[in-house]
Amino acid sequence: GSQFFIVIGEDAVHLTPSFNVLGRVVEGGETLDRMAAVDTATAPGSVEQSLPLETVYIESIDIEVAGS
């Protein structure tokens, strides 16, 4: 039951310091572009238009830890 955000472009400037950056995308930018292109609506009880109108699944992901 975890929630995370994938922030694209200048949208990150709206996040408060309480949000932690967990990583950066170094490959697969075209996949993020396709995800960002999904139409959205305003979620009930919200003021931001961020509710995807179709379900997007992340089927696999590779995580590399660098500089530890």
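This report describes the fold, confidence and surface of one predicted protein chain.

## Basis of the model

The structure is a predicted model, in which local features need pLDDT of at least 70 and side-chain atom pairs count only at pLDDT 80 or more, while totals for chains, interfaces and linings use all residues. Residues are numbered from 1 along each chain as its sequence is written, and side-chain values use heavy atoms, with hydrogens and water left out.

## Confidence

The predictor's confidence in each residue is expressed as pLDDT, on a scale from 0 to 100. The chain has a mean pLDDT of 85, and 96% of its residues reach 70 or more. Confidence is highest in strand S1 (residues 40-42), at a mean of 94, and lowest in strand S2 (residues 49-52), at 88. Where pLDDT is low, the predicted coordinates should not be read in detail.

## Secondary structure and overall dimensions

The chain contains 1 helix and 2 strands, arranged along the sequence as α-β-β. These elements are DSSP runs numbered from the N terminus, with helices (H or I) of at least four residues and strands (E) of at least two.

The radius of gyration of the chain is 14 Å, whereas a compact globule of 68 residues would have a value near 11 Å. This radius is taken over C-alpha atoms, and the globule rule is 2.2 Å times the number of residues to the power 0.38. The C-alpha trace spans about 40 × 30 × 25 Å along its principal axes.

Of the contacts (heavy atoms within 4.5 Å) with a separation of 6 or more, 19% are between residues 24 or more positions apart.

## Burial and surface

Buried residues account for 4% of the 68 residues; buried means under 20% relative accessible area, exposed over 50%, and partly exposed in between, with a 1.4 Å probe and protein chains only. The accessible surface, from the Shrake-Rupley method with a 1.4 Å probe, is about 6,800 Å², and 51% of this area belongs to carbon and sulfur atoms.

Phe4, Ile6, Ile8, Ile58, Ile61, Ile63 and Val65 form a nonpolar surface patch of about 730 Å².

## Selected residues

Valine 65 lies in the segment after S2 and is exposed, with a relative accessible area of 69%. Alanine 66 is also placed in the segment after S2 and is exposed at 70%. The C-alpha atom of alanine 66 is 10.0 Å from that of glycine 23, a residue 43 positions away along the chain.

Phenylalanine 19 belongs to the segment before helix H1 (29-36) and is partly exposed, with a relative accessible area of 39%. Phenylalanine 19 and isoleucine 61 are 42 residues apart in sequence, and their C-alpha atoms are 21 Å apart.

Key. Patches are made of residues with over 30% relative accessible area and no salt bridge: like charges are joined within 9 Å, nonpolar side chains (Val, Leu, Ile, Met, Phe, Trp, Tyr) within 5 Å. A salt bridge is a side-chain nitrogen of Lys or Arg within 4 Å of a carboxyl oxygen of Asp or Glu.
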